[in-house]
Amino acid sequence: MSIQYEKEKGLIRLNTRSSTYAMQLLPGGYLAHLYYGPRVGADDLRYLIRYVDRPQAPNPPGSEDRIFSLNILPQEYPGFGCGDYRSAAVNCRGADGCFAADLRAEAVEVLTDTMLPVGLPHFHAFASEAHDTLRIRMADPAIGLQAELYYTLFEEQDAIVRWTRFINGGETPLILDRAMSFSLDFAAGDFDWLQLWGGWSRERHVERSPLRHGIQAAESRRGASSSQHNPFIALASPTADETQGEVYGFALAYSGNHLCFAEKDQYGGVRVGLGIHPEAFAWTLEPGGSFDTPQCAAVYASDGLGGMSRKFHLLIQRHLCRGPWRDRPRPVLINNWEATYFQFNADKLAAIAADAARLGIEMLVMDDGWFGKRDDDRSGLGDWTVNEAKLGCTLPELVSRIREQGLQFGIWFEPEMVSPDSDLYRRHPDWILKAPSRTPSLGRSQYVLDMSRPEVVDYLYGAMAAILRSAEITYVKWDMNRYITEAGSAALSPNRQGEVFHRYILGVYRLLDQLTADFPEVLFEGCASGGGRFDPGMLYYTPQIWTSDDTDAIERLSIQYGTSLLYPPACMACHVSAVPNHQVARTTPLETRTAAAMAGVFGCELDLTTLSREEKEILGREIARYKRLRPLIMEGELYRLKSPFEKGERGLGAAWMLVSRDKTHALVTAVQAMAIPDTPFFRLRLQGLLPQAAYRVEPDGFILSGAALMGAGLNLPYIIGDYGALTYELTMCGG
Ligand code: DGJ
């Protein structure tokens with residue numbers, strides 16, 4: 001049994017393959033957190049809590065001996081205002097208007113059914129695999145608040161998925177001011193903090209620093225998970241690296257405002273919390289009403305950051321992504337954005353498609369500019385009718401022309417936005433998010449639609465479904481190019497405006513849910529000015545996401561390396577683009593651009609008609625190679641060998657490898673940053689192979705054991721020139 005409850009001791013143990021998570025029900029219903037770490041036996045872990053009279057620690061009523069204080073107790077789901085001064089998981093106002101919450105456990109149940117948050121993305125179990133769920137019912141009778149804490153175990157991935165359902169069990173409305181998905185107290189906090197920070201075109205760079213006293217947070221108040229801080233954090237032992245050491249990773253399945261924090265207290269204890277950002281959040285719970293938090297997944301790994309990532313990759317790829325496209329080979333596509341921007345018509349797209357077909361590309365994606373009046377980014381959003389005058393034909397005619405060349409057809413939408421210069425805005429100016437007493441701000445000359453309103457979601461569904469039904473379209477790129485300001489909804493009363501940010505995301509999820517359900521054969525790719533909403537929540541609906549608007553191969557090394565900390569290669573869209581690169585004006589060899597794009601879902605984003613014969617030959621060859629390696633790249637295990645964030649003397653920019661799950665096949669990629677004269681040779685120690693097996697190493701033709709490749713390493717030759725790349729394919733040939 002992976003969930004054990006010893007009622008007489010009040011002990012709860014959650015065991016995954018290599019981890020144990022333990023709690024204790026104390027007299028009075030207080031729920032203490034006992035332990036999270038390497039798997040232990042059936043020990044009585046109650047010894048882990050010590051009770052002492054601490055200064056400045058308030059004692060709840062009935063604890064006259066002064067040794068019990070919520071401020072000292074490691075807690076499972078702490079409230080606010082009743083003796084614990086650390087960051088709360090829940091804060092709520094009842095009829096008295098006071099900010100306070102003090103939940104006590106009332107029942108512990110092991111469920112055979114998985115319970116799921118309503119209207120939110122979630123990790124799902126397969127019927128054939130045991131995924132137990134624990135429910136702890138809690139209540140704060142003083143205000144009538146009830147909470148159900150849910151824990152589902154994914155044993156193989158050493159993952160625990162948590163979320164909470166709040167219920168108003170009283171007779172007067174409650175206001176939830178803070179409703180975190182996850183809270184955890186570590187008794188000792190000698191950790192490094194890891195986060196994925198960034199900005200537009202610099203998404204998900206890895207930052208690591210010792211956890212200091214006070215609060216360290218990764219957060220978004222932008223209405224989307226954001227390019228700036230991914231909803232993911234990890235706590236690692238200071239000596240942990242890619243291959244060894246303890247790491248705890250936490251990922252929130254949510255695409256809106258988030259708060260992911262670690263708070264180190266005066267005793268060195270660390271509280272971790274993840275959930276909807278409490279700023280600008282206030283949710284009214286009517287009597288009998290309920291509120292579900294998003295899910296948060298925690299993964300424990302004793303084999304370093306690489307081990308943590310591989311567990312998350314499997315969890316995300318198998319238990320979060322869904323639909324027919326989860327396991328299908330993703331098409332190699334050509335997107336016309338960097339080829340033409342807004343200046344294209346059907347003839348231009350057909351010319352690109354003709355070259356694409358010759359190179360083995362499988363799909364053409366028509367990006368921004370095909371609808372309404374849209375020749376630049378200042379008009380047309382919201383008017384999802386085909387601009388036939390611009391294209392020179394109807395959409396079905398264009399799609400037929402592309403399909404006749406042997407390519408599938410994909411299309412771009414930015415559903416959540418409206419241009420002031422659009423028929424939709426002229427018809428429905430009240431459909432945007434705005435505060436009644438303020439003039440709404442523009443971003444990229446556009447407003448944000450009020451996705452909290454059912455009629456807006458219904459309009460978008462109708463408009464998008466009509467396009468998808470009008471022709472054979474098998475892919476949608478779902479873009480979102482500005483964040484939210486003046487988050488007010490004309491559909492909500494003034495006292496409920498604290499619900500707008502969350503209701504917005506619920507509306508986005510509803511639209512995604514309906515479209516993915518009604519068009520299961522369409523592959524949806526997420527995008528938000530590149531990777532501005534690359535999060536586990538979106539991956540539930542869109543199994544791949546445009547990783548970044550930065551298509552430069554060298555910049556992509558850092559972006560893709562950081563992204564891979566949490567997200568599997570099969571979720572990262574990576575395109576080969578033109579040189580000089582449009583974002584940084586860098587010129588890199590074509591082989592380096594293809595090597596970088598082979599770290600994920602490969603595509604192209606350039607005007608193929610302008611390539612030389614030699615460039616076309618190289619690209620065609622690399623596309624054929626990618627298609628041959630696609631099962632390995634999509635399904636294999638990722639091992640990061642050299643971080644682009646650590647500057648080495650030898651000029652190696654980054655290196656990584658993908659190993660098939662049966663260990664018979666591997667692809668190794670090493671990319672040089674700036675060339676250095678007369679450098680020492682560099683040995684790249686591989687990972688993830690079978691030590692006793694023999695591997696043929698191509699292109700060198702050597703046959704080496706896994707032990708030699710992992711111990712002594714590949715002996716890399718000089719890489720000539722800046723930004724050169726080397727790739728090796730390993731095939732098991734004995735052992
Ligand atoms: C931002 C996306 O990231 C780009 O790839 C492109 O689709 C543009 N938007 C179109 O406006």
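In this predicted model, one aromatic cluster is formed by Tyr21, Tyr36, Tyr151, Phe186, Phe191, Tyr248 and Tyr300. The structure as a whole holds 33 aromatic pairs. In the pair of Tyr36 and Tyr300, the ring centres are 6.4 Å apart. Their planes meet at 55 degrees, so this pair is classed as tilted. Tyr36 belongs to strand 4, and Tyr300 belongs to strand 20 (residues 296–301). The pair therefore ties together parts of the chain that are 264 residues apart in sequence. Both Tyr36 and Tyr300 are buried.

Phe191 and Tyr248 make an edge-to-face pair. Here the centre-to-centre distance is 5.9 Å, with 85 degrees between the planes. Phe191 sits in the loop between strand 10 and strand 11 (192–197), whereas Tyr248 lies in strand 15 (residues 247–252). Parts that are 57 residues apart in sequence are thus tied together by this pair. Phe191 has a relative accessible area of 10% and is buried. Tyr248 counts as buried because its relative accessibility is 5%, and the cut-off for burial is under 20%.

Arg54 is placed over the face of Tyr267, 3.9 Å from the ring centre. Lys390 is placed over the face of Phe344, with 4.9 Å to the ring centre.

The largest pocket has a volume of about 720 Å³. Its lining comprises 34 residues. Closest to the centre of the largest pocket are Leu48, Pro74, Phe186, Ala187 and Ala188. Phe186 is also a member of the aromatic cluster. Three strands each supply at least two lining residues: strand 4 (31–38), strand 10 (174–186) and strand 17 (270–276). Strand 4 gives the most, with four residues. Strand 4 is also the element that holds Tyr36. By class, the lining of the largest pocket has 20 nonpolar, five polar and nine charged residues.

The second largest pocket contains about 350 Å³ of space. It is lined by 18 residues. Glu242, Leu305, Tyr561, Ser643 and Glu646 lie nearest the centre of the second largest pocket. Strand 12 (205–210) and strand 31 (637–642) each supply at least two residues of this lining. The greatest contribution comes from strand 12, with three residues. The lining of the second largest pocket is made up of seven nonpolar, four polar and seven charged residues.

Pro173 occupies the loop between strand 9 (159–168) and strand 10. Its relative accessibility is 41%, so Pro173 counts as partly exposed. Beyond its neighbours within four places in sequence, Pro173 is in contact with Arg93, Gly94, Asn168, Thr284, Leu285, Glu286 and Pro287. The C-alpha atom of Pro173 is separated by 9.2 Å from that of Gly288. Along the chain, Pro173 and Gly288 are 115 residues apart.

A cis peptide bond runs from Val579 to Pro580, with omega near -10 degrees. Pro580 is part of the loop between strand 29 (572–577) and helix 11 (590–597). Ala585 is found in the loop between strand 29 and helix 11 as well. Although Ala585 is not a glycine, its phi is positive, at about 65 degrees. Ala585 counts as exposed because its relative accessibility is 55%, and exposure is set at over 50%.

The peptide bond from Glu698 to Pro699 is cis too, with omega near 15 degrees. Pro699 is located in the loop between strand 35 (694–698) and strand 36 (702–705). Lys663 is a residue other than glycine with a positive phi, near 70 degrees. The loop between strand 32 (652–659) and strand 33 (665–672) contains Lys663. With a relative accessibility of 17%, Lys663 counts as buried, whereas Ala585 counts as exposed.

How values were computed. Residues numbered from 1 in each chain as written. Predicted model: local features only at pLDDT ≥ 70, side-chain atom pairs only at ≥ 80, totals over all residues. Heavy atoms only, no water. 1 Å grid on protein atoms, 1.4 Å probe; cavity = no way out; pocket = protein on both sides within 12 Å on 5 of 7 lines; lining within 4 Å. Points joined across faces, edges and corners; volume = space filled by probe spheres on them. Nonpolar A, V, L, I, M, F, W, Y, C, P; charged D, E, K, R; others polar. Buried < 20%, exposed > 50% of the residue type's maximum accessible area, 1.4 Å probe, protein only. Contact = heavy atoms within 4.5 Å. Phe/Tyr/Trp six-rings, centres within 6.5 Å; stacked < 30°, edge-to-face > 60°. Lys NZ or Arg CZ within 6 Å of the ring centre and 35° of its normal.
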